[in-house]
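Here is a short briefing to read alongside the model. Take a look at the fold, and then let's walk through its core and one of its crossovers.

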Amino acid sequence: MTVALAHEISGPRSGAADAPVVVLLGSLGSNRSMWDPQIAALSDECRVVAVDQRGHGESPAPDGPYSVRELSEDVLALLDSLGVDAAHFVGLSMGGAIAQWLGAHTPRRVLSLSLLCTAAKFGEPQGWIERAAASRAEGPESLADAVVARWFSEGLAKRDPEFVRHYRDMIASTSPEGYAACCDALADWDFTADLARISAPTLVIAGEEDPSTPPSVMQVLADGITGARFEVLSPAAHVANLEQAGAVTALLREHIAGGGYARGRRAAHAQGMTVRRSVLGDAHVDRSVAGTTDFTAPFQDFITRTAWGDIWSRPGLDHELRRLLTIAVLTAVGNEHELDMHIRAALRAGVDADTIGEVLLHTAVYAGVPNSNLGFALGKQALADLAAEPTVEDSQT
């Protein structure tokens, strides 16, 4: 069952009803005030929703253990209550784990991801199990000094001890059960194998001096998420959005405003080109790319991103079945050029000629004998050509 999360909505100051929604998800042991610098800056143009996660701040703290999935479903329930279909998600540490889960499991609701000082796996489970036990026995007060020492760099701690003390008190005031149950969630968290499922434009920000999720740990996120942008800030420890508030806010504004969109298009194009080559073959794709002009370039980009980067990349059907469906559809509509190309590509990929023949026979019943007759003629010629020397056709597809 989901928990009704305490939250704060700010901006946009212009009052625009269609302003993009930005959801801020914080660290273990924090409340939504940790995002104050970003709330003030982003609310100029965005509708900013700062959240107290389950067991934190003013949100309820039911008995644990919790899971990252449950924490994520709380956020989805909040968005549903606000009538928000999709948003930009900014998550730090535990909030970053929630953002990753949302990116992989609810892609239609994620416009972009910004992952700060977080990880696909936060070390070994035993450390979190021990921390949960300490919180339940003695409260987060017993952990606060050690935790806040990881939040900020040594230089900042020396320059502004009052600032650091404020955030130490934030940690200490967290619900003992809420803190412990979230430790339980992080003990079980390992998203490494699922990073490739994230398709949203993603910004990854690490703190150079972060002992909890150092740049080497965050590099796993940047490498695992297609097209992710990786930035390392210094000096900054685990709560980089406070220590490097200006730099983090500038990166977030750029990413949310469109830089992430452009990178997402590039990532989709790269993914599409990989699939396109695997289906049609390098020789054919190389000829198509070489023949691209200023006039045809937008179409080449469109077809690569959408047909190959989206439809052909979906996991619901394997490539052989998609080849056969494509042959059937092209036969039905009588598209000779594309049909010839896809028959030849299927044969080169090892699809059995008899299987293609069965598809053409089946299509004859439902789409007409003349069209299937054309398909058989093209298949016959393709088999003859391949028996001699493969031929590469020039196509814009």
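Leaving aside neighbours within four places in sequence, which residues is Val 23 in contact with? They are Val 49, Val 51, Val 75, Leu 79, Ala 87, His 88, Phe 89 and Val 90, where contact means heavy atoms within 4.5 Å. This is a predicted model, with local features needing pLDDT of at least 70, side-chain atom pairs counting only at pLDDT 80 or more, and totals for chains, interfaces and linings using all residues. Residues are numbered from 1 along each chain as its sequence is written, and side-chain values use heavy atoms, leaving out hydrogens and water.

**Nonpolar core**
- Val 23, Phe 89 and Phe 152 have the most contacts inside the largest nonpolar core, which has 87 residues.
- Such a core is a set of buried Ala, Val, Leu, Ile, Met, Phe, Trp, Tyr and Cys residues joined through side-chain atoms within 4.5 Å; buried means under 20% relative accessible area (1.4 Å probe, protein chains only).

**Strand β4**
- Ala 87, Phe 89 and Gly 91 point one way from β4, while His 88, Val 90 and Leu 92 point the other way, and all are buried.
- β4 runs parallel to β2, joined by four bridges, and parallel to β5, joined by six.
- From β4 the chain crosses through α3 to β5, a right-handed β-α-β crossover (clockwise from the first strand over the helix to the second, with the strands pointing away from the viewer).

**Helix α3**
- Eleven of the twelve residues of α3 are buried, so this helix is largely enclosed by the rest of the structure.
- Its buried residues pack against β2, α2, β4, β5, α8 and α9.

Methods. Buried < 20%, exposed > 50% of the residue type's maximum accessible area, 1.4 Å probe, protein only. Helix = DSSP H or I, 4+ residues; strand = E, 2+ residues; numbered from the N terminus. Pairing = 2+ DSSP bridges.
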